[in-house]
Amino acid sequence: MSPPVRKIIHIDMDAFYASVEQRDREELRGKPVAVGSPNLRGVVAAASYEARKFGVRSAMPSTTALKKCPELIFVWPRFEVYRAVSRQIRSIFLEYTPLVEPLSLDEAYLDVTRNLRGVPTASETAKEIRARIFEWTGLTASAGISYNKFLAKLASDYKKPNGQFVVRPDMGAAFVEALRIEKFHGVGKVTAEKMNRLGIFTGADLKAKPLEFLVKHFGKIGPWYYAIARGEDDRPVEPDRPRKSSGSEITLLTDLREPAEIEKAMLEQAQEVWAWCEKAQMFGQSVTVKIKYADFHQVTRSRTLGHLVQSREELFEISLALTRSIFPVENGVRLVGVTVSHFPEEETAAPNQLDFDFG
């Protein structure tokens, strides 16, 4: 007997950070809002839908965002609040299934093939979850429903904001064929440009390429492209995915040239990382520092120990030693970062959250 067709939901909160701010501050409602810093080196972490109408997007430099929308209101992020709301939302998910795979604070996969509340269809389940999220938090969410993770992720973008879309097994292949390659989750700008040069512009174009061609041009990921072009994705929903690293970096307000200033900035990032490690009680064996110069050239230095880094002083000492190994700097430094990795395999925690620079 063949296994039952899986029922996968991808829930994605709508403009999560910005929506929380608009919820909590009445004067921001209906206004173009960006979470982040308006400073010269700042970036947009999230944009309200009012701001998106002007072309403002997350990860966009703040100066660019202000040019597109001079009325844009910047709000400093409150991650402790976003984490608390995320925990509320996660508790709703767990009432329907233990198979919840968080991707970040504002999105997750749910496998509801067998759901705990006995809701007969995945579509009804998604609708009920979205209604409960709104009831509990006052925030809206969008959902994609399909028979695998890849298609559910694509589907969640289809009726945003505050909507849901189903890709049934009988429509999966055709749905993928009609998509522009840039819309494929996991195909970034550089890969999309490479595909375009190879004559691949849509899912149908990708499907037309034989496996040997994709392996030749894309290596180990070739079989993955071959599969998703046919609407195939066998990855299970994995609750409590192991976290592989904890890092913090910042784009500086001004370029730094003095070693003492660079070291101070690096230690501030090491302190952020240590605070997370201590709170999560997760410690790694490898430390990496990163420096990005004013010309965007980037260098990293790493050290892997025979034991776990379990004190702030040790993390500081290693971070400083690695930083000093880069001196003298080539020119001004615009970004510094510290990452601790190589956690024990048995340790698990929440997945990495995409970090933004607010300098």
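**Annotation and ground rules.** I note at the outset that UniProt positions are given in the numbering used here, that feature names are shortened, and that annotations may be inferred rather than shown by experiment. I am working on a predicted model, in which local features need pLDDT of at least 70 and side-chain atom pairs count only at pLDDT 80 or more, while totals for chains, interfaces and linings use all residues. Residues are numbered from 1 along each chain as its sequence is written, and side-chain values use heavy atoms, with hydrogens and water left out.

I looked up the "active site" feature, for which UniProt, in an unreviewed entry, lists Glu107. I find Glu107 in strand β6, taking helices (H or I, at least four residues) and strands (E, at least two) as DSSP runs numbered from the N terminus. Glu107 counts as buried, because its relative accessibility is 16% and buried means under 20% relative accessible area, exposed over 50% and partly exposed in between (1.4 Å probe, protein chains only).

Grid points are joined across faces, edges and corners, and a volume is the space filled by probe spheres set on the points. I count one cavity of 30 Å³ or more, and the largest cavity has a volume of about 70 Å³. Its lining includes Glu107, together with Asp106 and Arg90 among others. Which element supplies the largest share of that lining? I find that it is α4, with four residues, while β1 (8-13), α4 (79-93) and β6 (107-111) each supply at least two. The lining divides into six nonpolar, two polar and three charged residues, where Ala, Val, Leu, Ile, Met, Phe, Trp, Tyr, Cys and Pro count as nonpolar, Asp, Glu, Lys and Arg as charged, and the others, Gly among them, as polar.

In the loop between α6 and β8 (164-166) I find Pro161, joined to Lys160 by a cis peptide bond with omega about -10°. Asn162 is found in that loop too, and its phi is near 60°, a positive value in a residue other than glycine.

**Aromatic pairs.** I count 13 aromatic pairs, where rings of Phe, Tyr and Trp (its six-membered ring) pair if their centres lie within 6.5 Å, with planes under 30 degrees apart counted as stacked, over 60 as edge-to-face and the rest as tilted. The rings of Trp276 and Phe343 have centres 6.1 Å apart and planes at 15°, so this pair is stacked. It links distant parts of the chain, 67 residues apart, with Trp276 in helix α12 (residues 259-280) and Phe343 in the segment after β12 (333-341). Trp276 is partly exposed at 24% relative accessible area, whereas Phe343 is buried at 8%. I also note a cluster in which ring pairs link Phe16, Tyr17, Phe79 and Tyr82.

Terms used
1 Å grid on protein atoms, 1.4 Å probe; cavity = no way out; pocket = protein on both sides within 12 Å on 5 of 7 lines; lining within 4 Å.
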